[in-house]
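Here is a friendly walk through one protein model, written for someone who likes to know the cut-offs behind the words. Please keep the viewer open as you read.

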Amino acid sequence: MSTEQPADRPEPPLPASDAAYWEAAAERFDDEPDHGLCDPAVRAAWAARLRSWLPSGPARILDLGCGTGSLALLAAEQGHRVTGIDRSPAMIARARAKLAGREDGLLVGDAAEPPVGERPFDAVLVRHLLWALPDPAAALRRWAGLLVPGGRLVLVEGRWGEAEPIGIPAGELTRLVAPLACRTYLERLSRDAALWGKEVTDERYALVAEIRQGGDPAPAG
């Protein structure tokens, strides 16, 4: 689920740990162009990016913090089997209506500890969530352990606001992912207004990481 703020609204960080906040937010969540993907140009821009980030051919995708399921729906339309997790029952209810049975499962749960057992996935997709977790490094290790050998973490993150910026810079996330990955690819997204339905000036990016076998960190030294 996204927790970004417009740069011209100097509000305190959103209460990412407050489940009641996200329950209330669900009703209007899709009003943001990059949430609801109602604009055909915005939808096409995200569909193209997902095509380049996710594995080719039918794959098992775990969408964490899936919100109302807009990205999950795009992935399903591209032939993938998608499991979505969100802590908000209201978000999941809207995602179920949106996907209408196209998903492989939509579950209420904690994205840091997805309730999927040890099922292996080909890719874990996370947008605007990791920065808000209390222990991002631990979450990344858990997610990497859910991937098949050579599976991908697809992390769409950023840093928003000026007076009190929130988020996670690309350099910091790259550092956290490095011990788990055999290769990474960083794509800057701020300059592509089509993704956001408007011009943006803050830091937005995607980090795609191919994970080492078993998700084990690289040996020290």
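## Ground rules and overview

This is a predicted model, in which local features need pLDDT of at least 70 and side-chain atom pairs count only at pLDDT 80 or more, while totals for chains, interfaces and linings use all residues. Residues are numbered from 1 along each chain as its sequence is written, and side-chain values use heavy atoms, with hydrogens and water left out.

The secondary structure comes to eight helices and eight strands; helices (H or I, at least four residues) and strands (E, at least two) are DSSP runs, numbered from the N terminus. Of the 221 residues in the protein, 51% are buried. Here buried means under 20% relative accessible area, exposed over 50%, and partly exposed in between (1.4 Å probe, protein chains only). Contact means heavy atoms within 4.5 Å. Among contacts between residues at least 6 apart in sequence, 66% join residues at least 24 apart.

## Two helix pairs

Helix H3 (residues 40-53) and helix H4 (residues 70-77) have axes that come within 10 Å and cross at roughly 60°. That angle makes H3 oblique to H4. Axes are lines fitted to C-alpha atoms, for helices over the stretch in contact, and angles run from 0 to 180 degrees between N-to-C directions. Angles under 35 degrees count as roughly parallel, over 145 as roughly antiparallel, 65 to 115 as roughly perpendicular and the rest as oblique. H3 contributes Arg43, Trp46, Ala47 and Leu50, which meet Leu71, Leu73, Leu74, Ala75 and Glu77 of H4. By class, this contact of H3 with H4 has seven nonpolar, no polar and two charged residues. For the classes, Ala, Val, Leu, Ile, Met, Phe, Trp, Tyr, Cys and Pro count as nonpolar, Asp, Glu, Lys and Arg as charged, and the others, Gly among them, as polar.

Helix H6 (residues 136-144) and helix H7 (residues 170-177) pack at an angle of about 50°, their axes 10 Å apart. H6 and H7 are therefore oblique to each other. On the H6 side, Pro136, Ala137 and Leu140 meet Leu173, Leu176 and Val177 in H7. The contact of H6 with H7 has six nonpolar, no polar and no charged residues by class.

## The two sides of H7

Which residues of H7 are buried? They are Ala170, Leu173, Leu176 and Val177. They cover an arc of only 125° around the axis, which puts them on the same side of H7; the arc is that of the directions from the helix axis to the C-beta atoms. These buried residues pack against H6, strand S5 (147-160), strand S7 (181-188) and S8. The face of H7 turned away from the buried side carries the exposed residues Gly171 and Arg175.

Not counting residues up to four places away in sequence, Val177 touches Leu140, Leu155, Thr184, Leu207 and Ala209. Val177 and Ala209 are 32 residues apart in sequence, and their C-alpha atoms are 7.5 Å apart in space.

In helix H5 (residues 89-99), the buried residues are Met91, Ile92, Ala95 and Leu99. Seen down the axis of H5, they fall within an arc of 95°, so they line one face of the helix.

Most residues other than glycine have a negative phi. Ala100, which follows H5, has a positive phi near 50°. Ala100 sits in the loop between H5 and strand S3 (105-108) and is exposed, with a relative accessible area of 62%. His128 also has a positive phi, about 55°, although it is not a glycine. His128 lies in the loop between strand S4 (121-127) and H6, and at 0% relative accessibility it counts as buried.

Gly197 is in the loop between helix H8 (193-196) and strand S8 (203-211). Gly197 is partly exposed, with a relative accessible area of 46%. Not counting residues up to four places away in sequence, Gly197 touches Pro33 and Val42. Gly197 and Ala41 are 156 residues apart along the chain, with their C-alpha atoms separated by 8.1 Å.
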